[in-house]
Amino acid sequence: LAEAVSGRLFGIGVGPGDPELMTVKAARLLAQVPVVAYLAPRPGESLARRIAAPYIPPGRTELAIAIEMRPGPEPEAVYDAAAAAIAAHLGAGRDVAVLCEGDPFFYGSFAYLHERLADAFPCMVVPGVASLAACAAAAGRALARRDETLIVLPATLPDAELAARLALGGGVAILKVGRHLPRVAALLAVQGLAERSVYVAQASRGGEVVLPLAECAGVTAPYFSMILVAGADT
Ligand SMILES: C[S@@+](CC[C@H](N)C(=O)[O-])C[C@H]1O[C@@H](n2cnc3c(N)ncnc32)[C@H](O)[C@@H]1O
């Protein structure tokens, strides 16, 4: 008897928003894979699904993983259930593509599915254009040059931790800005870094905003926003 062949799991980075920033490989796989899965925030629509829409042929089986977007620990039960639903397809021999905004392994929730499934099924990750690259492109400034360092920080860290890392110098990218904008802007001002900082929201998507941080007073930042702090000699 031939052994049953399981399907393959693909973690597909769909890039930061502009569908033209998806890779040729992502588009090719989406044309072939029978099952497409993605997180669908409740309420709202899946951003990754919207980005990849031009590349998903009609009639695919779609697995929308409903998830509440809120601060705090990751909802383990949601990922357990999603992994079980995906495993059912893989076990039946069907390939599954999980769509991920930006790059799957750069703060992507695909990591939570990967850790649940990669030991049991063949798994491939297709890297995507990360928001870091998209925000630098939108701002028109290099992330790092020569021997400069670049530190990536989530704005969700407590003030003391952010301040300690900002004090190390070099270039800094602060993700997950959203409602933390006033707090992070104040920290950057205290450290004399405000003048070197630029705010970028919705890079490569409709509604893209690029502003010097000094002009951000009163701005309501969406979740998809970032602050780039240039190194001292940039
Ligand atoms: C959970 S992380 C996901 C990052 C994603 N996997 C990537 O590779 O860029 C979400 C954060 O990425 C940043 N981000 C993602 N897309 C963005 C965009 N188009 N413009 C600005 N920031 C973005 C924001 O800081 C947002 O809070």
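Which handedness does the β-α-β unit made by E2, H2 and E3 have? The unit is right-handed, meaning that, with the strands pointing away from the viewer, the path from the first strand over the helix to the second runs clockwise.

Before we go on, a word on the model. It is a predicted one, in which local features need pLDDT of at least 70 and side-chain atom pairs count only at pLDDT 80 or more, while totals for chains, interfaces and linings use all residues. Residues are numbered from 1 along each chain as its sequence is written, and side-chain values use heavy atoms, with hydrogens and water left out.

Let us start with strand E2, residues 35-41. Seven of its seven residues are buried, so the strand is largely enclosed by the rest of the structure; buried here means under 20% relative accessible area, exposed means over 50%, and partly exposed lies in between (1.4 Å probe, protein chains only). Both faces are covered, with Val35, Ala37, Leu39 and Pro41 on one side and Val36, Tyr38 and Ala40 on the other. E2 pairs with E3 in the parallel sense over seven bridges, where pairing requires that DSSP finds at least two bridges between the strands. In that pairing, Pro41 has Ile67 of E3 as its bridge partner. E2 also runs parallel to strand E4 (residues 96-100), joined to it by three bridges, and Val36 stands opposite Ala97 there.

Now follow the chain from H2 (47-52) towards E3 (61-67): the loop between them holds Tyr55. At 26% relative accessibility, Tyr55 counts as partly exposed. Beyond its neighbours within four places in sequence, Tyr55 is in contact (heavy atoms within 4.5 Å) with Pro19, Glu20, Met22, Ala27, Leu30 and Ala31. Its side chain reaches the backbone oxygen of Pro19 at 2.9 Å. Met22 is 33 residues away from Tyr55 along the chain, and their C-alpha atoms are separated by 9.5 Å.

Next comes another sheet. Five strands form an open sheet in the order E6-E7-E10-E8-E9, with mixed pairing. E6 and strand E9 (209-212) stand at the edges, each with a single partner strand, so one side of each is left without a neighbour in the sheet. From one strand to the next the twist averages 20°, using axes that are lines fitted to C-alpha atoms, for helices over the stretch in contact, and angles from 0 to 180 degrees between N-to-C directions. Strand E8 (residues 197-201) pairs with E9 in the antiparallel sense over four bridges, and Tyr199 has Leu211 of E9 as its bridge partner. Helix H5 packs on this sheet, touching E6, E7, E8, E9 and strand E10 (225-229), and its direction makes about 70° with that of E10. Helix H6 (residues 159-166) packs on the sheet too, touching E6 and E7, with its direction at about 170° to that of E6.

Arg146 lies between helix H5 (131-139) and strand E6 (150-154), and its phi is near 45°, a positive value in a residue other than glycine. Arg146 is exposed, with a relative accessible area of 66%. Lys176, in the loop between strand E7 (171-175) and helix H7 (181-190), has a positive phi near 55°. Lys176 is partly exposed, at 28% relative accessible area.

How values were computed
Helix = DSSP H or I, 4+ residues; strand = E, 2+ residues; numbered from the N terminus. Polar contact = N/O pair within 3.5 Å; in protein donor to acceptor, adjacent residues only side chain to side chain.
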